[in-house]
Amino acid sequence: MAVLEVEHICKSFGHTEVLKDISFSLEKSQVLSIIGSSGSGKTTLLRCLNFLETPDSGVIKVNGNTLFDGGNANTKQEAAIRENRLHFGMVFQSFNLFPQYTALGNVMLARELQAKKRPDYKANKKQIRAEIQQEAEALLEQMGLKDRMYNYPHQLSGGQCQRVAIARALALKPDILCFDEPTSALDPELTGEVLKVIKGLADQKMTMIIVTHEMAFARDVSNHVIFMDNGYILEQGESRALFENPKEERTRQFLTRFKEN
C-alpha cells in the first residue's frame, strides 16, 4: 500500500490556477524529488500536502486513510487540519526556528506541546519531559550537533540551523518528511552538510518528498522524480530514467539548462 496517495488536487489563488489536476503516489521508504522552474507550483503542492494551504478540490490519503476530500467539509475544520499535519514533517527554506529557544528547546517544543494533551501529563510531567529531552538530544547528535544543543539560532550557521530544523521535524515521527528547497537559503559551502544529512536519512529508508533546485542531488538521492511545469505534472518517473532520457521536450529543455549551468 502507498504511504501517500494524491488524487486530482487543484489549487487557485484568485483567478490564477497554481495546481492543475495533480495526481501521484509515494511508497514507503521512497524518496520523491519535485523539480521544475520557479512558479511551476512545487512549493504550493508541498504546502497543500502539509495543510498549510487548503486545496480547492481533490483527495489526499495517508496509509489508506483519507485526510482531505474536497467534497467533505469536515476535513477543513481546524482541529482536523492540525491532526492531519502530524503525518508530515516540514522543513522550510528559512529554518523558521524560534530565536528565544536553544537548538534543544526548538526540537523539544512541538513534542512538549503534544504531550501536554495527554491525560497523564500532570502526574508524570518530569518523566515525560525527560524522555522528550533524551529523544531530542539523540536527534541532534544524529545531525552532528551534539556540541551545539544549548546554542541559540543566532549562534549557529545557516547549515546548523537547517539541521536543527530537520531534527525538529523528525521529533514528531512523521510518516513523510518534506523539504521545501532546503539549501536555497544557504551559502554554497554550507549546502553540502545539509544534503549529506538528507542523503543519510534516505539511506535509513525515511520516506521523503524533496522540492529542490539541486538537480544532481535529486538525480542521485531520489527513487522517483516529478517534473512540474505551469501547475501540471508534465512528467514523472524513475529518477535516472527521467534525468537521462526525458520523454517530454519541455523536460529536456529544463534539464539542458541545468547541465549548462
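Two strands count as paired here if DSSP finds at least two bridges between them. With that settled, L32 has H224 in β9 as its bridge partner. This is a predicted model, so please take what follows as computed from the prediction.

Let me put that pair in its place. β3 and β9 run parallel and are joined by 4 bridges. They belong to an open sheet of 6 strands in the order β6-β7-β8-β3-β9-β10, and the pairing is mixed. At the edges are β6, residues 88–91, and β10, residues 232–238, each of which pairs on one side only. From one strand to the next, the twist averages 15 degrees.

Now β9 itself. How many of its residues are buried? The count is 6 of 6, so to speak a strand that is mostly covered. As a reminder, in a regular strand the side chains alternate between the two faces of the sheet. In β9, H224, I226 and M228 point one way, while V225, F227 and D229 point the other way. Both sets are buried, and that includes D229.

β9 and β10 pair in the antiparallel sense, over 6 bridges. Within that pairing, M228 stands opposite I233 in β10. The two strands form a hairpin with 2 residues between them. In the turn, N230 has a positive phi of about 55 degrees.

Towards the other end of the strand order, β7, residues 176–180, pairs with β8, residues 208–211. That pairing is parallel and has 4 bridges.

Helix α1, residues 42–49, packs on it and touches β3, β6, β7, β8 and β9. Its direction makes about 150 degrees with that of β8. Helix α6, residues 188–203, lies across β3, β7 and β8, and also runs at about 150 degrees to β8.

Last, a helix pair. Helix α3, residues 103–115, packs with helix α4, residues 125–142, at an angle of about 140 degrees, and their axes are 9 Å apart. Because of that angle, α3 is oblique to α4. The crossing is right-handed. Which residues of α3 meet α4? They are A103, L104, V107, M108, R111, E112 and A115. On the α4 side, the residues include I128, R129, I132, Q133 and E135. The residues of this contact divide into 10 nonpolar, 1 polar and 5 charged.

Key:
Residues are numbered from 1 along each chain as its sequence is written. This is a predicted model: local features need pLDDT of at least 70, side-chain atom pairs count only at pLDDT 80 or more; totals for chains, interfaces and linings use all residues. Side-chain values use heavy atoms; hydrogens and water are left out. Axes are lines fitted to C-alpha atoms, for helices over the stretch in contact, and angles run from 0 to 180 degrees between N-to-C directions. Contact means heavy atoms within 4.5 Å. Angles under 35 degrees count as roughly parallel, over 145 as roughly antiparallel, 65 to 115 as roughly perpendicular and the rest as oblique. A crossing is left-handed if the near helix is turned anticlockwise from the far one by less than a right angle, and right-handed if clockwise. Ala, Val, Leu, Ile, Met, Phe, Trp, Tyr, Cys and Pro count as nonpolar, Asp, Glu, Lys and Arg as charged, and the others, Gly among them, as polar. Buried means under 20% relative accessible area, exposed over 50%, partly exposed in between (1.4 Å probe, protein chains only).
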